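These are my notebook entries on a single structure. I set out to record how its parts are arranged and which side chains meet.

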Amino acid sequence: MSPLTLQSLWSATAIAGPATGELTSSRRADVVIIGAGYTGLSAAVHLAEAGRSVVVLESTALGERASGLNGGQVIAGVKHDPDQLQRMFGEARGARYVQTVARAPDTVFELIGRLGIECDALRSGWLQPAASEEALPALAARAEQWRRRGDRVELVSREQMQRLTGSQRYCGGLFDARGGTVQPLSYVRGLAHAVLRFGGELFTHSPVVRLARCAGGYRAETPRGEVTASTVILATNAYTGSLNPRLRRTVVAVPSFQVATAPIPSQLRSQILPGGQAASDTCRLLRYFRTDAGGRLVMGTRGSYAAAPTAHMARHHYQAVREIYPQLAGLDFDYHWGGFVAMTADHLPHLHELAPNLLAALGYNGRGVAMASVMGRLLAQRVLGMPAEELGFPVTAVHPIRLHAFSRLGVRATIQYLRLRDSLERPRR
Ligand SMILES: Cc1cc2nc3c(=O)[nH]c(=O)nc-3n(C[C@H](O)[C@H](O)[C@H](O)COP(=O)(O)OP(=O)(O)OC[C@H]3O[C@@H](n4cnc5c(N)ncnc54)[C@H](O)[C@@H]3O)c2cc1C
(Lines give C-alpha, C1' and ligand atoms only; values in the text may rest on other atoms or scores of the structure.)
Protein backbone atom coordinates (compact mmCIF):
# COMPACT_ATOMS: atom_id res chain seq x y z
CA MET A 1 0.00 0.00 0.00
CA SER A 2 1.58 3.31 -1.03
CA PRO A 3 2.15 5.96 1.63
CA LEU A 4 -0.16 8.97 1.70
CA THR A 5 1.09 12.45 0.95
CA LEU A 6 0.78 14.14 4.30
CA GLN A 7 -0.16 17.79 4.31
CA SER A 8 -2.48 19.58 6.68
CA LEU A 9 -5.26 21.81 5.45
CA TRP A 10 -4.16 24.32 8.06
CA SER A 11 -0.62 24.70 6.69
CA ALA A 12 -2.13 25.37 3.25
CA THR A 13 -4.48 28.10 4.50
CA ALA A 14 -2.89 29.75 7.56
CA ILE A 15 -1.73 33.33 7.98
CA ALA A 16 2.04 33.83 7.76
CA GLY A 17 3.99 33.29 10.95
CA PRO A 18 6.77 35.54 12.19
CA ALA A 19 10.30 35.02 10.86
CA THR A 20 12.10 32.91 13.44
CA GLY A 21 15.35 30.99 13.51
CA GLU A 22 17.61 28.83 15.61
CA LEU A 23 19.15 29.97 18.89
CA THR A 24 22.90 30.34 18.32
CA SER A 25 23.95 32.43 21.34
CA SER A 26 23.83 32.63 25.14
CA ARG A 27 20.94 34.62 26.55
CA ARG A 28 19.46 35.52 29.90
CA ALA A 29 15.76 35.99 30.63
CA ASP A 30 13.32 36.01 33.52
CA VAL A 31 11.52 32.98 32.10
CA VAL A 32 12.47 30.35 29.53
CA ILE A 33 9.52 28.49 28.02
CA ILE A 34 10.14 25.14 26.37
CA GLY A 35 7.58 24.41 23.65
CA ALA A 36 5.74 26.86 21.38
CA GLY A 37 2.24 25.39 21.29
CA TYR A 38 -0.77 27.06 22.88
CA THR A 39 0.47 26.36 26.44
CA GLY A 40 3.89 27.90 25.90
CA LEU A 41 2.73 30.79 23.72
CA SER A 42 -0.20 31.72 25.95
CA ALA A 43 2.17 31.73 28.95
CA ALA A 44 4.66 33.81 26.95
CA VAL A 45 2.03 36.35 25.86
CA HIS A 46 0.78 36.86 29.42
CA LEU A 47 4.30 37.10 30.89
CA ALA A 48 5.67 39.40 28.18
CA GLU A 49 2.59 41.61 28.50
CA ALA A 50 3.29 41.87 32.23
CA GLY A 51 6.81 43.08 31.48
CA ARG A 52 8.81 39.89 32.09
CA SER A 53 11.63 39.00 29.72
CA VAL A 54 10.72 35.72 28.03
CA VAL A 55 12.51 33.36 25.66
CA VAL A 56 10.48 30.58 24.00
CA LEU A 57 12.42 27.61 22.60
CA GLU A 58 10.75 25.30 20.10
CA SER A 59 12.34 22.17 18.69
CA THR A 60 10.60 22.26 15.29
CA ALA A 61 9.20 25.01 13.09
CA LEU A 62 6.24 26.90 14.55
CA GLY A 63 3.00 24.93 14.79
CA GLU A 64 4.27 21.58 13.53
CA ARG A 65 2.93 19.75 16.60
CA ALA A 66 -0.52 19.43 18.14
CA SER A 67 -1.34 23.14 18.32
CA GLY A 68 -0.86 23.63 14.60
CA LEU A 69 -2.45 20.33 13.58
CA ASN A 70 -5.60 19.91 15.64
CA GLY A 71 -9.27 20.11 14.68
CA GLY A 72 -9.61 23.73 15.80
CA GLN A 73 -12.62 22.89 17.96
CA VAL A 74 -12.85 25.24 20.92
CA ILE A 75 -14.58 23.20 23.62
CA ALA A 76 -15.64 24.17 27.13
CA GLY A 77 -15.11 21.84 30.07
CA VAL A 78 -13.06 18.69 30.51
CA LYS A 79 -14.07 15.06 30.08
CA HIS A 80 -15.77 14.89 33.50
CA ASP A 81 -19.14 16.51 34.11
CA PRO A 82 -19.36 19.44 36.55
CA ASP A 83 -21.11 17.55 39.38
CA GLN A 84 -18.40 14.90 39.22
CA LEU A 85 -15.64 17.54 39.29
CA GLN A 86 -17.23 19.07 42.33
CA ARG A 87 -17.33 15.68 44.05
CA MET A 88 -13.66 15.11 43.13
CA PHE A 89 -12.37 18.50 44.29
CA GLY A 90 -14.81 19.40 47.07
CA GLU A 91 -17.43 22.12 47.28
CA ALA A 92 -15.40 25.34 47.12
CA ARG A 93 -12.35 24.19 45.10
CA GLY A 94 -14.60 22.15 42.83
CA ALA A 95 -16.78 25.18 42.10
CA ARG A 96 -13.71 27.21 41.11
CA TYR A 97 -12.39 24.34 38.99
CA VAL A 98 -15.72 24.07 37.18
CA GLN A 99 -15.74 27.82 36.61
CA THR A 100 -12.19 27.71 35.15
CA VAL A 101 -12.97 24.94 32.66
CA ALA A 102 -16.42 26.32 31.77
CA ARG A 103 -14.90 29.69 30.86
CA ALA A 104 -11.96 28.21 28.89
CA PRO A 105 -13.36 29.25 25.46
CA ASP A 106 -13.65 32.83 26.78
CA THR A 107 -9.85 32.88 27.15
CA VAL A 108 -9.39 31.81 23.51
CA PHE A 109 -11.83 34.30 22.01
CA GLU A 110 -10.68 37.09 24.36
CA LEU A 111 -7.02 36.54 23.33
CA ILE A 112 -7.93 36.43 19.66
CA GLY A 113 -9.97 39.64 19.94
CA ARG A 114 -7.49 41.53 22.12
CA LEU A 115 -4.43 40.51 20.10
CA GLY A 116 -6.16 40.97 16.74
CA ILE A 117 -5.40 37.41 15.56
CA GLU A 118 -6.83 36.55 12.14
CA CYS A 119 -7.73 32.90 12.53
CA ASP A 120 -11.30 32.53 11.21
CA ALA A 121 -12.56 32.50 14.79
CA LEU A 122 -16.25 31.64 14.98
CA ARG A 123 -18.11 31.36 18.29
CA SER A 124 -20.96 29.37 16.88
CA GLY A 125 -21.17 26.62 19.50
CA TRP A 126 -20.13 23.01 19.80
CA LEU A 127 -22.25 19.92 19.17
CA GLN A 128 -22.07 16.49 20.75
CA PRO A 129 -24.30 14.37 18.48
CA ALA A 130 -25.58 11.13 20.04
CA ALA A 131 -24.60 8.07 18.01
CA SER A 132 -27.23 5.96 19.80
CA GLU A 133 -30.32 6.37 21.99
CA GLU A 134 -28.27 4.96 24.89
CA ALA A 135 -26.05 8.06 24.87
CA LEU A 136 -28.95 10.47 25.42
CA PRO A 137 -29.50 10.14 29.22
CA ALA A 138 -25.85 11.04 29.94
CA LEU A 139 -26.07 14.01 27.57
CA ALA A 140 -29.31 15.15 29.21
CA ALA A 141 -27.65 15.00 32.63
CA ARG A 142 -24.64 16.94 31.30
CA ALA A 143 -26.88 19.65 29.86
CA GLU A 144 -28.87 19.91 33.10
CA GLN A 145 -25.70 20.21 35.22
CA TRP A 146 -24.33 23.05 33.11
CA ARG A 147 -27.68 24.82 32.88
CA ARG A 148 -27.99 24.69 36.68
CA ARG A 149 -24.74 26.68 36.72
CA GLY A 150 -26.10 29.25 34.29
CA ASP A 151 -24.42 28.02 31.09
CA ARG A 152 -26.24 27.65 27.77
CA VAL A 153 -25.99 23.94 27.11
CA GLU A 154 -29.10 22.26 25.69
CA LEU A 155 -30.26 18.80 24.77
CA VAL A 156 -31.58 18.96 21.20
CA SER A 157 -33.98 16.58 19.46
CA ARG A 158 -33.21 14.22 16.60
CA GLU A 159 -34.76 16.68 14.13
CA GLN A 160 -32.81 19.64 15.54
CA MET A 161 -29.53 17.73 15.43
CA GLN A 162 -30.24 16.65 11.87
CA ARG A 163 -30.77 20.28 10.92
CA LEU A 164 -27.66 21.46 12.80
CA THR A 165 -25.34 18.80 11.37
CA GLY A 166 -27.01 18.09 8.04
CA SER A 167 -26.69 14.39 8.87
CA GLN A 168 -29.40 11.77 9.40
CA ARG A 169 -26.94 9.67 11.42
CA TYR A 170 -27.62 11.08 14.88
CA CYS A 171 -30.58 10.76 17.22
CA GLY A 172 -30.25 14.04 19.08
CA GLY A 173 -27.50 15.38 21.31
CA LEU A 174 -25.98 18.39 22.96
CA PHE A 175 -25.67 21.99 21.78
CA ASP A 176 -23.10 23.93 23.80
CA ALA A 177 -23.18 27.65 23.03
CA ARG A 178 -19.81 28.28 24.70
CA GLY A 179 -17.69 26.62 21.99
CA GLY A 180 -16.65 27.41 18.46
CA THR A 181 -13.88 27.00 15.91
CA VAL A 182 -10.55 28.54 14.94
CA GLN A 183 -8.00 27.93 12.21
CA PRO A 184 -5.59 26.29 14.66
CA LEU A 185 -2.29 27.09 12.93
CA SER A 186 -3.27 30.73 12.38
CA TYR A 187 -4.06 30.91 16.11
CA VAL A 188 -0.53 29.60 16.91
CA ARG A 189 1.08 32.02 14.51
CA GLY A 190 -1.01 34.93 15.79
CA LEU A 191 0.03 34.17 19.37
CA ALA A 192 3.67 34.02 18.26
CA HIS A 193 3.39 37.43 16.57
CA ALA A 194 1.95 38.81 19.83
CA VAL A 195 4.81 37.37 21.92
CA LEU A 196 7.33 39.17 19.70
CA ARG A 197 5.27 42.39 19.73
CA PHE A 198 5.36 42.41 23.53
CA GLY A 199 9.16 42.07 23.44
CA GLY A 200 9.48 38.31 23.96
CA GLU A 201 11.91 36.19 21.96
CA LEU A 202 11.11 32.99 20.11
CA PHE A 203 13.56 30.51 18.58
CA THR A 204 12.51 27.61 16.39
CA HIS A 205 14.54 24.50 15.44
CA SER A 206 16.04 24.85 18.92
CA PRO A 207 15.34 21.69 20.92
CA VAL A 208 16.30 21.92 24.56
CA VAL A 209 18.60 18.94 25.00
CA ARG A 210 19.59 19.58 28.61
CA LEU A 211 18.07 21.48 31.49
CA ALA A 212 20.49 22.09 34.38
CA ARG A 213 20.34 24.01 37.63
CA CYS A 214 22.81 26.88 37.86
CA ALA A 215 23.46 29.97 39.95
CA GLY A 216 20.34 32.13 39.68
CA GLY A 217 18.05 29.43 38.30
CA TYR A 218 18.25 27.10 35.31
CA ARG A 219 20.20 26.75 32.10
CA ALA A 220 18.33 25.42 29.05
CA GLU A 221 20.81 24.14 26.49
CA THR A 222 20.09 23.74 22.79
CA PRO A 223 22.55 22.29 20.23
CA ARG A 224 24.00 25.73 19.46
CA GLY A 225 22.95 28.03 22.29
CA GLU A 226 21.68 28.35 25.84
CA VAL A 227 19.29 30.42 27.93
CA THR A 228 19.74 31.13 31.62
CA ALA A 229 16.57 32.04 33.50
CA SER A 230 15.26 32.08 37.05
CA THR A 231 12.07 30.23 35.98
CA VAL A 232 11.35 27.46 33.48
CA ILE A 233 8.00 26.46 31.99
CA LEU A 234 7.83 23.05 30.36
CA ALA A 235 5.08 23.23 27.72
CA THR A 236 5.86 20.09 25.74
CA ASN A 237 2.64 18.09 26.29
CA ALA A 238 2.37 14.89 24.18
CA TYR A 239 5.83 15.61 22.73
CA THR A 240 7.61 15.61 26.11
CA GLY A 241 10.79 13.65 25.50
CA SER A 242 13.80 12.68 27.56
CA LEU A 243 14.17 16.17 29.07
CA ASN A 244 11.95 15.12 31.96
CA PRO A 245 11.22 11.38 31.86
CA ARG A 246 8.93 11.48 34.92
CA LEU A 247 6.75 14.15 33.31
CA ARG A 248 6.74 12.24 30.01
CA ARG A 249 5.32 9.21 31.82
CA THR A 250 2.31 11.17 33.13
CA VAL A 251 0.74 11.21 29.65
CA VAL A 252 0.12 8.67 26.92
CA ALA A 253 0.59 10.07 23.42
CA VAL A 254 -2.40 8.82 21.39
CA PRO A 255 -2.38 9.30 17.62
CA SER A 256 -5.22 11.24 16.03
CA PHE A 257 -5.59 11.63 12.28
CA GLN A 258 -7.64 13.97 10.10
CA VAL A 259 -8.72 14.31 6.51
CA ALA A 260 -10.19 17.29 4.66
CA THR A 261 -12.38 16.96 1.59
CA ALA A 262 -12.30 19.08 -1.52
CA PRO A 263 -14.60 22.12 -1.17
CA ILE A 264 -18.18 20.95 -0.75
CA PRO A 265 -20.25 21.69 -3.90
CA SER A 266 -22.21 24.92 -3.43
CA GLN A 267 -25.64 23.23 -3.67
CA LEU A 268 -24.75 21.04 -0.63
CA ARG A 269 -22.90 23.60 1.49
CA SER A 270 -25.97 25.07 3.12
CA GLN A 271 -26.91 21.57 4.40
CA ILE A 272 -23.64 20.59 6.07
CA LEU A 273 -23.21 22.23 9.49
CA PRO A 274 -25.00 25.35 8.24
CA GLY A 275 -24.50 27.20 11.55
CA GLY A 276 -20.73 26.64 11.50
CA GLN A 277 -20.65 24.55 14.69
CA ALA A 278 -17.93 22.03 15.44
CA ALA A 279 -19.03 18.51 16.39
CA SER A 280 -17.57 15.55 18.30
CA ASP A 281 -19.90 12.57 18.45
CA THR A 282 -20.44 10.03 21.22
CA CYS A 283 -18.95 6.99 19.45
CA ARG A 284 -16.49 5.14 21.65
CA LEU A 285 -13.84 6.09 19.08
CA LEU A 286 -15.22 9.56 18.66
CA ARG A 287 -15.37 11.26 15.28
CA TYR A 288 -14.85 15.03 15.31
CA PHE A 289 -15.81 17.19 12.36
CA ARG A 290 -16.37 20.74 11.18
CA THR A 291 -16.14 22.79 8.04
CA ASP A 292 -13.42 25.36 7.37
CA ALA A 293 -13.57 28.86 5.90
CA GLY A 294 -13.08 27.38 2.40
CA GLY A 295 -16.12 25.08 2.70
CA ARG A 296 -14.25 21.79 3.16
CA LEU A 297 -15.33 19.11 5.61
CA VAL A 298 -12.61 18.24 8.13
CA MET A 299 -13.04 14.86 9.82
CA GLY A 300 -10.85 13.36 12.51
CA THR A 301 -10.70 10.22 14.60
CA ARG A 302 -8.04 8.11 16.23
CA GLY A 303 -4.99 7.43 14.05
CA SER A 304 -2.07 5.04 14.05
CA TYR A 305 1.55 5.09 15.20
CA ALA A 306 2.73 4.25 11.66
CA ALA A 307 5.54 6.55 10.53
CA ALA A 308 4.18 6.53 6.96
CA PRO A 309 0.38 6.36 7.06
CA THR A 310 -1.24 4.69 4.06
CA ALA A 311 -4.56 5.09 2.26
CA HIS A 312 -5.55 1.89 4.06
CA MET A 313 -5.25 3.79 7.33
CA ALA A 314 -7.30 6.72 6.07
CA ARG A 315 -10.11 4.39 5.03
CA HIS A 316 -11.77 4.65 8.47
CA HIS A 317 -11.96 8.39 7.89
CA TYR A 318 -13.40 8.03 4.38
CA GLN A 319 -15.95 5.56 5.79
CA ALA A 320 -16.87 7.98 8.59
CA VAL A 321 -17.48 10.77 6.08
CA ARG A 322 -19.63 8.44 3.93
CA GLU A 323 -21.56 7.19 6.94
CA ILE A 324 -22.28 10.63 8.40
CA TYR A 325 -22.66 12.47 5.09
CA PRO A 326 -23.67 10.03 2.33
CA GLN A 327 -24.53 13.09 0.21
CA LEU A 328 -20.75 13.78 -0.03
CA ALA A 329 -19.95 10.39 -1.61
CA GLY A 330 -17.54 10.87 -4.48
CA LEU A 331 -15.99 14.05 -3.11
CA ASP A 332 -12.17 13.91 -3.16
CA PHE A 333 -9.98 14.05 -0.07
CA ASP A 334 -7.35 16.74 -0.54
CA TYR A 335 -5.51 16.75 2.80
CA HIS A 336 -4.39 14.09 5.28
CA TRP A 337 -2.48 14.72 8.50
CA GLY A 338 -2.15 13.63 12.11
CA GLY A 339 -0.54 14.30 15.45
CA PHE A 340 -0.45 13.13 19.05
CA VAL A 341 -2.99 13.87 21.77
CA ALA A 342 -1.80 13.72 25.40
CA MET A 343 -4.12 11.56 27.49
CA THR A 344 -3.86 11.26 31.27
CA ALA A 345 -4.86 8.40 33.57
CA ASP A 346 -7.58 10.49 35.26
CA HIS A 347 -8.67 12.20 32.00
CA LEU A 348 -7.84 15.60 33.50
CA PRO A 349 -5.21 18.18 32.54
CA HIS A 350 -2.48 18.83 35.10
CA LEU A 351 -0.46 21.77 36.33
CA HIS A 352 2.74 20.77 38.13
CA GLU A 353 5.51 22.46 40.05
CA LEU A 354 8.29 19.97 39.43
CA ALA A 355 10.84 21.89 41.51
CA PRO A 356 11.10 25.48 42.74
CA ASN A 357 10.52 27.73 39.70
CA LEU A 358 10.14 24.76 37.34
CA LEU A 359 6.52 24.51 36.17
CA ALA A 360 4.67 22.40 33.65
CA ALA A 361 1.14 21.98 32.31
CA LEU A 362 -0.08 19.19 30.06
CA GLY A 363 -2.58 16.40 29.46
CA TYR A 364 -5.55 18.06 27.78
CA ASN A 365 -7.15 14.80 26.57
CA GLY A 366 -8.13 16.23 23.19
CA ARG A 367 -9.50 19.53 24.57
CA GLY A 368 -6.37 21.63 24.52
CA VAL A 369 -7.34 24.45 22.18
CA ALA A 370 -9.22 26.06 25.04
CA MET A 371 -7.57 24.42 28.06
CA ALA A 372 -3.94 24.88 26.95
CA SER A 373 -4.68 28.57 26.36
CA VAL A 374 -6.04 28.75 29.92
CA MET A 375 -3.14 26.79 31.39
CA GLY A 376 -0.67 29.17 29.74
CA ARG A 377 -2.44 32.03 31.51
CA LEU A 378 -2.45 30.18 34.84
CA LEU A 379 1.26 29.33 34.53
CA ALA A 380 1.99 33.01 33.88
CA GLN A 381 -0.11 34.08 36.87
CA ARG A 382 1.75 31.61 39.09
CA VAL A 383 5.14 32.90 37.84
CA LEU A 384 3.95 36.44 38.49
CA GLY A 385 3.39 35.51 42.14
CA MET A 386 -0.22 34.39 42.45
CA PRO A 387 -0.53 31.90 45.34
CA ALA A 388 -1.27 28.37 44.07
CA GLU A 389 -4.55 28.20 46.00
CA GLU A 390 -5.87 31.30 44.18
CA LEU A 391 -5.32 29.93 40.64
CA GLY A 392 -8.72 28.23 40.43
CA PHE A 393 -6.93 25.07 39.31
CA PRO A 394 -5.01 22.59 41.47
CA VAL A 395 -1.24 22.34 41.39
CA THR A 396 -0.69 18.60 41.68
CA ALA A 397 2.20 16.21 42.28
CA VAL A 398 3.58 14.21 39.35
CA HIS A 399 2.30 10.62 39.22
CA PRO A 400 3.92 8.69 36.36
CA ILE A 401 1.64 6.06 34.81
CA ARG A 402 2.58 2.51 35.79
CA LEU A 403 3.73 0.28 32.90
CA HIS A 404 4.00 3.40 30.73
CA ALA A 405 6.49 1.59 28.47
CA PHE A 406 3.62 -0.63 27.28
CA SER A 407 1.23 2.26 26.61
CA ARG A 408 1.49 2.02 22.80
CA LEU A 409 0.47 -1.61 22.87
CA GLY A 410 -2.42 -0.71 25.15
CA VAL A 411 -3.54 2.15 22.90
CA ARG A 412 -3.42 -0.06 19.77
CA ALA A 413 -5.44 -2.80 21.45
CA THR A 414 -7.95 -0.28 22.85
CA ILE A 415 -8.44 1.36 19.45
CA GLN A 416 -9.15 -2.02 17.83
CA TYR A 417 -11.56 -2.98 20.61
CA LEU A 418 -13.47 0.33 20.53
CA ARG A 419 -13.62 0.27 16.74
CA LEU A 420 -15.15 -3.21 16.88
CA ARG A 421 -17.74 -2.18 19.50
CA ASP A 422 -18.67 0.93 17.51
CA SER A 423 -19.07 -1.09 14.33
CA LEU A 424 -21.29 -3.66 16.09
CA GLU A 425 -23.54 -0.87 17.38
CA ARG A 426 -23.69 1.10 14.13
CA PRO A 427 -27.19 1.21 12.62
CA ARG A 428 -27.48 -1.08 9.57
CA ARG A 429 -28.82 0.52 6.44
C1 LIG B 1 -4.91 15.59 15.40
C2 LIG B 1 -5.30 16.34 16.64
C3 LIG B 1 -6.58 16.89 16.73
C4 LIG B 1 -6.95 17.61 17.87
N5 LIG B 1 -8.15 18.26 17.88
C6 LIG B 1 -8.46 19.07 18.92
C7 LIG B 1 -9.62 19.88 18.87
O8 LIG B 1 -10.34 19.92 17.87
N9 LIG B 1 -9.94 20.62 19.97
C10 LIG B 1 -9.12 20.65 21.08
O11 LIG B 1 -9.45 21.34 22.04
N12 LIG B 1 -7.97 19.93 21.12
C13 LIG B 1 -7.61 19.17 20.07
N14 LIG B 1 -6.43 18.49 20.08
C15 LIG B 1 -5.52 18.66 21.23
C16 LIG B 1 -4.78 19.99 21.19
O17 LIG B 1 -4.24 20.19 19.91
C18 LIG B 1 -3.65 19.99 22.24
O19 LIG B 1 -4.18 19.67 23.50
C20 LIG B 1 -2.96 21.33 22.36
O21 LIG B 1 -2.55 21.79 21.09
C22 LIG B 1 -1.77 21.20 23.29
O23 LIG B 1 -1.00 22.38 23.21
P24 LIG B 1 0.44 22.36 23.86
O25 LIG B 1 1.02 23.69 23.64
O26 LIG B 1 0.37 21.92 25.28
O27 LIG B 1 1.23 21.22 23.09
P28 LIG B 1 1.86 21.23 21.61
O29 LIG B 1 1.10 22.05 20.70
O30 LIG B 1 2.11 19.80 21.26
O31 LIG B 1 3.24 21.95 21.83
C32 LIG B 1 4.32 21.34 22.51
C33 LIG B 1 5.57 21.83 21.81
O34 LIG B 1 6.72 21.46 22.56
C35 LIG B 1 7.77 21.24 21.64
N36 LIG B 1 8.85 20.52 22.31
C37 LIG B 1 8.82 19.27 22.81
N38 LIG B 1 10.01 18.97 23.37
C39 LIG B 1 10.79 20.06 23.22
C40 LIG B 1 12.15 20.36 23.59
N41 LIG B 1 12.94 19.48 24.22
N42 LIG B 1 12.65 21.59 23.26
C43 LIG B 1 11.87 22.51 22.61
N44 LIG B 1 10.59 22.26 22.24
C45 LIG B 1 10.07 21.05 22.55
C46 LIG B 1 7.08 20.47 20.52
O47 LIG B 1 7.83 20.52 19.32
C48 LIG B 1 5.75 21.19 20.43
O49 LIG B 1 5.74 22.19 19.44
C50 LIG B 1 -6.03 17.75 18.96
C51 LIG B 1 -4.76 17.18 18.87
C52 LIG B 1 -4.39 16.51 17.71
C53 LIG B 1 -3.00 15.96 17.62
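**Entry 1: helices on the sheet**

I note at the outset that this is a predicted model. I began with helix α7, residues 136-148, which lies across β4 (126-129), β5 and β6. Relative to β5, helix α7 runs at about 150 degrees. I then looked up helix α12, residues 311-324. Helix α12 lies across β12 (252-261), β14 (288-291), β15 (297-302) and β16, and it runs at about 125 degrees to β15.

**Entry 2: the sheet itself**

In what order do the strands of the open sheet follow one another? I read the order as β5-β6-β4-β13-β14-β15-β12-β16, which makes 8 strands with mixed pairing. The edge strands are β5 (153-156) and β16 (333-343), each of which pairs on one side only. On average, neighbouring strands of this sheet are turned by 20 degrees against each other, with direction ignored.

Strand β5 pairs with β6 (residues 173-176) in the antiparallel sense, over 4 bridges. For V153, I found that the bridge partner in β6 is D176.

**Entry 3: nonpolar cores**

I next turned to the nonpolar residues. The largest nonpolar core has 64 residues, and I33, Y187, L191 and M371 have the most contacts inside it. Helix α13, residues 368-383, gives the most to this core, with 9 residues.

Which residues does M371 touch, leaving aside those up to four places away in sequence? I listed V78, V101, A104, P349, Y364 and F393. There is also a second, separate core of 28 residues, with V259, L268, I324 and L328 among them.

**Entry 4: salt bridges**

I recalled that side chains of opposite charge can pair when their charged atoms come close.

I then checked R103 and D151, which form a salt bridge with their closest N and O atoms 3.1 Å apart. R103 lies in the loop between α5 (91-102) and α6 (104-115), while D151 lies in the loop between α7 and β5, so the pair ties together parts that are 48 residues apart in sequence. R103 counts as partly exposed at 29% relative accessibility. D151 counts as buried because its relative accessibility is 7%, and the limit for buried is under 20%.

My last pair was R210 and E221, with the closest N and O atoms 3.0 Å apart. R210 belongs to strand β9 (residues 210-214) and E221 to strand β10 (residues 217-222), and the two residues are 11 residues apart. R210 is partly exposed, with a relative accessible area of 43%, whereas E221 is buried, with 18%.

Finally, I recorded one network: salt bridges that share partners join D83, E144, R148 and R149.

How values were computed. Residues numbered from 1 in each chain as written. Predicted model: local features only at pLDDT ≥ 70, side-chain atom pairs only at ≥ 80, totals over all residues. Heavy atoms only, no water. Pairing = 2+ DSSP bridges. Axes fitted to C-alpha atoms, helices over the stretch in contact; angles between N-to-C directions. Contact = heavy atoms within 4.5 Å. Core = buried A, V, L, I, M, F, W, Y, C linked by side-chain atoms within 4.5 Å. Buried < 20%, exposed > 50% of the residue type's maximum accessible area, 1.4 Å probe, protein only. Salt bridge = Lys/Arg side-chain N within 4 Å of Asp/Glu carboxyl O.
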